[in-house]
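Have a look at the structure first.

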Amino acid sequence: LQENQLENAIEATVGFSGREIGKLMVAMQSALFASENGELTESDAWEIICNKMNEHKEKKTMVGANVLSKAGLLNDNDKRNTP
């Protein structure tokens, strides 16, 4: 990634834990090793970043719902609509 692309990736991953960033780098490394020419295209990199961003959002939703449920702050309708 070029410098400006890397800056965009950094902005996209704000709030990621160290573990999530590590998993992102492992996913990129795996894609790099699996590529035919040993290069990772910008679109491939962004596909990986977007996948990890979605995982992060799902994790936040799941953790948030779990915390609210344990605190007794979810009603029955909320619980049915929670993953």
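This is a predicted model: local features need pLDDT of at least 70, side-chain atom pairs count only at pLDDT 80 or more; totals for chains, interfaces and linings use all residues.

Q: How many helices and strands does the protein have?
A: Helices (H or I, at least four residues) and strands (E, at least two) are DSSP runs, numbered from the N terminus. Here there are four helices and zero strands, and the order from the N terminus is α-α-α-α.

Q: What share of the residues in the protein is buried?
A: A residue is buried under 20% relative accessible area, exposed over 50%, and partly exposed in between, using a 1.4 Å probe and protein chains only. Of the 83 residues in the protein, 17% are buried.

Q: How many salt bridges does a search of the whole structure find?
A: The general idea is that side chains of opposite charge can pair when their charged atoms come close. The rule used here asks for a side-chain nitrogen of Lys or Arg within 4 Å of a carboxyl oxygen of Asp or Glu. The search finds two such bridges. One joins Glu20 and Lys59, at 4.0 Å from N to O. Glu20 belongs to helix α2 (residues 18–34) and Lys59 to helix α3 (residues 42–70), so this pair ties together parts that are 39 residues apart in sequence. Glu20 is buried at 12% relative accessible area, whereas Lys59 is partly exposed at 40%.

Q: Where do Lys52 and Glu55 lie?
A: Both are in helix α3, three residues apart, or about one turn of the helix. Lys52 counts as buried with 17% relative accessibility, and Glu55 as partly exposed with 42%.

Q: What is the volume of the largest pocket, and which residues are closest to its centre?
A: Rolling a probe the size of a water molecule over the atoms shows where empty space is left. On a 1 Å grid over the protein atoms alone, where a 1.4 Å probe fits, a pocket is an open set of points with protein on both sides within 12 Å along at least five of seven lines, and lining residues have an atom within 4 Å of a point. Points are joined across faces, edges and corners, and the volume is the space filled by probe spheres set on them. The largest pocket comes to about 310 Å³. It has 16 lining residues, and Leu1, Leu6, Ala9, Met25 and Met28 are the closest to its centre. Helices α1 (3–12), α2 and α3 each supply at least two residues of this lining.

Q: Which residues line the second largest pocket?
A: They are Phe16, Ser17, Arg19, Glu20, Lys23, Lys52, Glu55, His56 and Lys59. This pocket has a volume of about 170 Å³, and α3 gives the most to its lining, with four residues.

Q: Which residues make the nonpolar surface patch?
A: For such a patch, nonpolar side chains (Val, Leu, Ile, Met, Phe, Trp, Tyr) are joined within 5 Å, using residues with over 30% relative accessible area and no salt bridge. Leu1, Leu6 and Ile10 make one of about 290 Å². Ile10 sits in helix α1 and is exposed, at 51% relative accessible area.

Notes. Residues are numbered from 1 along each chain as its sequence is written. Side-chain values use heavy atoms; hydrogens and water are left out. Patches are made of residues with over 30% relative accessible area and no salt bridge: like charges are joined within 9 Å, nonpolar side chains (Val, Leu, Ile, Met, Phe, Trp, Tyr) within 5 Å. Accessible areas come from the Shrake-Rupley method with a 1.4 Å probe; for residues, only the protein chains shown count as cover.
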